[in-house]
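I set out to record what I looked up in this structure, entry by entry. The model is shown below.

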Amino acid sequence: MNNTLIVETKNLTKTFTGKEVIKCCNMSVEKGIIYGFLGANGAGKTTIFKLLSGLLKPTMGKVQVLGMDIVSEHSSILSEIGTLIETPIFYEHLSATENLKIHLAYMGKEDGDIADILSKVGLNDTGVQPVSTFSLGMRQRLAIARAIIHKPKLLVLDEPINGLDPMGIREMRDLFIKLVKTQGMTLLISSHILTEIEHIADTIGVIVNGTIVREVSMAKVKAEYPSGLEDYFMDIMTGRKENEDTY
Amino acid sequence: MKTLIRLELKKNKINTYIIASLIIAITMLGFLFLFAYAPMLEPNDKDMAIFSGYNNLIPLFGVFNMAVFCVMSAVMYSKFVIEDYSGKRPILLFSYPVSRKKIILSKLSVVCVFTIISMVISNIIVFLTFGITEKFIHLVGRDFTFSIMLQVIESTLVMSFIAASIGVVAVGIGFIKKSVPTTIVSSVLIASLMCNIVVNVTLSRITMYVVAVIMILIGIIFSIFLIKKVNAMEVE
């Protein structure tokens with residue numbers, strides 16, 4: 001097992017009532033990078049993220065996160081990762097601070113600086129306002145705050161910039177880059193907005209119909225496709241690069 | 001486990017249920033007076049005999065009270081268990097590094113203990129008030145003595161355990177479909193069934209205990225079923 005790999009899946013397969021949603025998926029994410037995860041709607045991005053965070057159990061194959069097996073060492077992995085999967089869920093009648101307090105208590109970590117994190121995501125003046133009154137963008141910010149407050153080693157973010165305003169997108173982008181640079185976190189981000197991934201990702205992975213077909217460094221894509229990630233992505237989707245090996 | 005229980009109390013507004021229990025206690029007090037007064041309405045009616053004397057009044061009122069608290073515990077279970085494990089909500093609970101078994105157990109025990117405590121306290125308050133007013137207005141022929149109070153406490157304790165068990169069974173049934181209405185309807189059905197059984201066995205102390213123990217065992221079986229279900233759950 002390679003020590004620098006934070007996430008490694010081998011021949012990962014997941015079936016839902018007989019239908020293979022994830023097929024023989026091999027994924028490797030190195031330590032300290034931002035991994036952009038691309039794929040069409042329904043390709044299996046969220047399913048992969050759920051498998052990585054133990055919300056789903058693999059039908060076949062192996063998943064290792066931080067060098068630990070996802071099935072047998074589930075709890076120890078969960079305390080080291082931060083997740084934002086699908087629409088974030090909160091305790092609606094409680095304030096942002098109380099939600100984070102409960103989160104820290106469940107995580108078994110009491111030392112999180114709630115005020116600091118809230119100001120980082122731009123929610124410092126919400127006070128005692130219950131989460132039920134928050135807008136979509138504010139919820140997304142709070143969800144990001146919750147994912148990072150317990151200082152995880154790996155962040156799994158599914159569409160983290162959904163519902164954010166342009167200012168918010170830039171703030172979050174800077175925050176993500178800072179987390180990787182200063183705290184040595186590894187980020188796994190999926191997004192529909194290709195330019196966003198282009199801005200921050202070091203490596204990108206492309207999933208088509210439940211199989212990761214490409215894993216390539218951003219530098220290489222930029223060298224091959226000076227016009228940007230979009231052309232690269234479209235080429236894979238339409239099958240023009242099918243016979244070429246980019247690994 | 002202690003911290004988990006504290007967190008459950010923090011997450012859910014427990015005050016709502018305390019207020020509900022108080023309202024139940026006040027309503028129940030009204031019913032108790034009504035039951036005690038009923039034989040006086042038509043002294044010659046033989047059917048009214050089921051209300052006369054403490055020996056009839058206590059079990060009758062007890063099962064009625066039990067049914068009410070069964071429904072309240074089913075409502076609490078719906079809020080604590082069914083809602084937290086349906087739809088996308090389990091994503092939140094399952095992303096904590098705490099065993100799923102412990103989380104569901106802490107939820108079950110919070111509701112179970114709350115049901116028992118609130119039922120016992122509410123019953124003691126109701127009967128104490130009734131006992132005091134009996135000193136001035138004589139509705140039941142005999143005096144309200146200390147031994148009657150002990151009898152009340154004993155039957156209330158036993159019935160509160162039955163009520164808590166019925167709640168667990170109801171939530172177990174409701175959990176299959178993750179449905180709040182199923183939970184509440186099954187609690188009403190089981191409670192009305194149990195009322196008929198319990199009211200007939202309260203006259204003999206041993207059978208009352210046997211029924212209670214059987215209900216508690218069934219409750220434990222359903223808890224194990226729930227834990228297994230939660231452990232195997234996947235969030236699609």
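I looked up burial in chain B: of its 236 residues, 50% are buried (under 20% relative accessible area with a 1.4 Å probe, protein chains only; exposed is over 50%, and partly exposed lies in between). I noted that this is a predicted model, in which local features need pLDDT of at least 70, side-chain atom pairs count only at pLDDT 80 or more, and totals for chains, interfaces and linings use all residues. I also noted that residues are numbered from 1 along each chain as written, that chains are lettered from A and ligands numbered from 1 in written order, and that side-chain values use heavy atoms, without hydrogens and water.

I then turned to the elements. Chain B has eight helices and zero strands (DSSP runs, numbered from the N terminus: helices are H or I with at least four residues, strands E with at least two). I recorded spans of about 65 × 30 × 25 Å for the C-alpha trace of chain B along its principal axes.

I checked contacts (heavy atoms within 4.5 Å). In chain B, 80% of the contacts with a separation of 6 or more join residues 24 or more positions apart.

My last entry concerns A:Thr13. I found this residue in strand E1 (residues 5-16) of chain A, and it counts as buried at 3% relative accessibility. Leaving out residues up to four places away in sequence, A:Thr13 touches A:Glu20, A:Ile22, A:Lys23, A:Cys24, A:Pro58, A:Thr59 and A:Met60. The side chain of A:Thr13 reaches the backbone nitrogen of A:Cys24 at 3.4 Å.

Conventions
Polar contact = N/O pair within 3.5 Å; in protein donor to acceptor, adjacent residues only side chain to side chain.
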